[in-house]
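Please read these points with the structure open beside you.

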Amino acid sequence: VGVSADVCDELVRDYQICSDRVLFLPNPIDIENIQYLSSLVFGDWRDELLKSSYVLNVGSLTLQKNHELLIRAFHKALGIYPELKLILIGVGERECAIRAVCSECGLRVSDRMTNDHRSDANVYMLGYQENPYPFFRQCKLFLMTSYWEGLPIALLEAFCLGKPVVVSNCSSAVNSLMLGNGNNHEVEHAYGFHKTEYGYLLNSAREELRAETISTWSDCVTNLLSDNMYRDSCSVRAVEKSRDYDVRTVRKLWKKYLYM
């Protein structure tokens, strides 16, 4: 079972699996439940944080997620949006390394999950959140700088809450989700990114992190923040696209294949 048509093609092409043994079944999300959970309040300092202007990343604090690029691009974006904050949700072995990058950039980092909320922090490392969806709902943009992924659930969750995105072209599934059938008028630029109907899709930076890469990511973030009309259009299209992955839709596919 592949989570996208391209993944299914890879299974046949690269792993010599017979095509009649391969099925496409996308990862499901429960849109109704996500929308409900996103409307809840915490009853603590996090509710105040939700009122700030911030961009969001949700994922494990691991090498795969490429947080160094994320932090450095965010730092550069502060030159245009000095009040912008970055919220990181997730745990992992690279938390100390990520904090070190923040320190190198001169970014103030909040302590994880304390009641002593620092309103002057630039980066909020919130660790594991039982209900992350209010943070999705209120963020300006969802960011994902991963080196590799399958079909990320967090990206689909951002879509269903109408969030424009700036993400890396880190898998065939992500590429297919963002570019679709090619009829969405995406434009490929010399610096390696597409402007799509959901936001920006950038080349995954597997090579040594360069200033040009950081600038490209930062520019995409600030361009999307400043273009209200484009951002609103991305929000509408993202919600529409997310319905393809709703559990009620995917359940029909499972039933189709189980009883065929």
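1. The side chain of Thr 145 reaches the backbone oxygen of Asn 66 at 3.0 Å. The backbone oxygen of Lys 65 is also reached by the Thr 145 side chain, at 3.0 Å. The model is predicted: local features need pLDDT of at least 70, side-chain atom pairs count only at pLDDT 80 or more, and totals for chains, interfaces and linings use all residues. Residues are numbered from 1 along each chain as its sequence is written, and side-chain values use heavy atoms, with hydrogens and water left out.

2. Thr 145 sits in the loop between strand 5 (141–144) and helix 7 (153–160). Helices (H or I, at least four residues) and strands (E, at least two) are DSSP runs, numbered from the N terminus.

3. Is Thr 145 buried or exposed? Thr 145 counts as buried because its relative accessibility is 2%; buried means under 20% relative accessible area, exposed over 50%, partly exposed in between (1.4 Å probe, protein chains only).

4. Setting aside neighbours within four places in sequence, Thr 145 is in contact with residues including His 67, Leu 69, Ser 168 and Trp 217. Contact means heavy atoms within 4.5 Å.

5. The largest nonpolar core has 41 residues, and Phe 135 and Phe 142 are among those with the most contacts inside it. Such a core is a set of buried Ala, Val, Leu, Ile, Met, Phe, Trp, Tyr and Cys residues joined through side-chain atoms within 4.5 Å. Helix 7 gives the largest share of this core, six residues.

6. A second, separate core of 34 residues includes Cys 105 and Leu 141.

Terms used
A polar contact is a pair of N or O atoms within 3.5 Å; within protein, one must be able to donate a hydrogen and the other to accept it, and residues adjacent in sequence count only if both atoms are side-chain atoms.
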